[in-house]
Amino acid sequence: MGDTFIRHVALLGFEKRFVPSQHYVYMFLVKWQDLSEKVVYRRFTEIYEFHKLLKEMFPIEAGEINPESRIIPHLPAPRWFDGQRAAESRQGTLTEYCNALMGLPAKISRCPHLLDFFKVRPEDLKLPSDSQVKKPETYLMPKDGKSNAADITGPIILQTYRAIADHGKNSASEMAVATGDIVEVVEKIESGWWFCQMKAKRGWVPASFLEPLDSPDEAEDPEPNYAGEPYVTIKAYTAVEEDEMSLSQGETIEVIHKLLDGWWVVRKEDVTGYFPSMYLQKSGQDPAQAQRQIKGRGAPPRRSTIRNAHSIHQRSRKRLSQDAYRRNSVRFLQQRRRLAQPGPQSAGSPRGENPQSQRAKPQPAVPPRPSADLILHRCSESTKRKLASAV
């Protein structure tokens, strides 16, 4: 068999999604050398990160040494207030960008970095569920390339957060913030790294360093799911705090609470604890994508480990303790095991009891009504006088 390569990449349109927060993803039709065609979904921040790394891998072709030698196409950085209008107007730029990529020399257009970026990921196959309160909205790119003005709305208002402590850059893609800085959150990623912008800067910031302005609590944090979702650890982690869990690589656990700061509550048998979501991968999925994220950035720090944190709120965040997680989890597991126990049962009867014992107990017999003479014989003198006067 020949080498794997991409014949063509076509932009189909974009999709507006609302989980975990409002954002946009672009739909690409990727045509491979074996004549297969796959649809993949990518956020613009992902595309921009891919573009920056591609320039680092090929500095000559990116014009870093001599601008006249540049052949890698340009791609503008994410805009302020990346709303639906920006997502729609950017389609032409992305179409030209993808066409230019496919026209580059084979060492670039067929490099592993580009091929991996356009490969189908598990999240491309598992699209947002129809059971969501607000379903995704799809906007297909017109065949004539013209936009429908009726489909374009104003920019979305980005959520504003405040930095509770100083955070320095550990990589080129991160953004440094100081205590009290006000940032706008463009994207919230499950790993706990949020893409933010502030004045002329933009980059990734750990969610644990940010707090909402109106409340210390994160309104978009989901409720715990004690049924659990199966995940596999792709990197070992040793607990630092008492409420964390130490796990080796390759262990299977259940996630019972996905918190937006990137530290999820996991369950191993009857034990619960915090664990970095970046080191987890859904069971049965290829861990290659998650491994690349780990190499790019490590797990974000927990709020409890940040020194000199200063909040503007009087009370602290509402968080369940691990004791509460364990109690609720054990209660749920016991109920699930009880329901799973086999055995003959009558409808509505408690499990494990003999059906014969569930028979209705005999009720005491109602005595016959006494005769009038018996009543007169046993009643009091006062009753007898009242009866005599009535006659």
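Strand S13 (271-276) is mostly covered, with five of its six residues buried; buried means under 20% relative accessible area, exposed over 50%, and partly exposed in between (1.4 Å probe, protein chains only). The model is predicted: local features need pLDDT of at least 70 and side-chain atom pairs count only at pLDDT 80 or more, while totals for chains, interfaces and linings use all residues. Residues are numbered from 1 along each chain as its sequence is written, and side-chain values use heavy atoms, with hydrogens and water left out. Helices (H or I, at least four residues) and strands (E, at least two) are DSSP runs, numbered from the N terminus.

S12 and S13 run antiparallel and are joined by six bridges; two strands pair if DSSP finds at least two bridges between them. Opposite Pro-276 in S13 stands Trp-263, and opposite Tyr-274 in S13 stands Val-265. The hairpin of these two strands has two residues between them, and Glu-269 takes a positive phi near 60 degrees there.

S13 belongs to an open sheet of five strands, ordered S13-S12-S11-S10-S14 and paired antiparallel. S13 and strand S14 (280-282) are the edge strands, each pairing on one side only. On average, neighbouring strands of this sheet are turned by 45 degrees against each other, direction ignored. Helix H8 packs on the sheet and touches S11, S12 and S13; the direction of H8 makes about 120 degrees with that of S13. For such angles, axes are lines fitted to C-alpha atoms, for helices over the stretch in contact, and angles run from 0 to 180 degrees between N-to-C directions.

H8 (residues 322-340) has 19 residues and reaches 26 Å from its first C-alpha to its last, close to the 27 Å expected at 1.5 Å a residue; the expected span is 1.5 Å times one less than the number of residues. The buried residues of H8 are Gln-322, Ala-324, Tyr-325, Ser-329 and Leu-333. Seen down the axis of H8, they fall within an arc of 155 degrees, so they line one face of the helix; the arc is that of the directions from the helix axis to the C-beta atoms. Their cover includes strand S11 (252-257), strand S12 (263-268) and S13, where contact means heavy atoms within 4.5 Å.

## A second open sheet

Another open sheet has five strands in the order S8-S7-S6-S5-S9, with antiparallel pairing. Its edge strands, strand S8 (201-206) and strand S9 (210-212), each pair on one side only. Neighbouring strands here are turned by 45 degrees against each other on average, direction ignored. Strand S5 (residues 159-163) pairs with S9 in the antiparallel sense over three bridges. Arg-162 has Glu-211 in S9 as its bridge partner.

## Helix H3 and the cysteines

The twelve residues of helix H3 (residues 91-102) should span 16 Å at 1.5 Å a residue, and the end C-alpha atoms are 17 Å apart, which agrees. Gln-91, Leu-94, Tyr-97, Cys-98, Leu-101 and Met-102 are buried in H3. Viewed down the axis of H3, these residues fall within an arc of 130 degrees, so they line one face of the helix.

Cys-98 counts as buried because its relative accessibility is 4%. Cys-111 is also buried, with a relative accessible area of 4%. The structure holds zero disulfides, a disulfide being a pair of cysteine sulfur atoms within 2.5 Å.

## Overall figures

The secondary structure of the protein comes to ten helices and 14 strands. Of its 391 residues, 39% count as buried. Among contacts between residues at least 6 apart in sequence, 63% join residues at least 24 apart.
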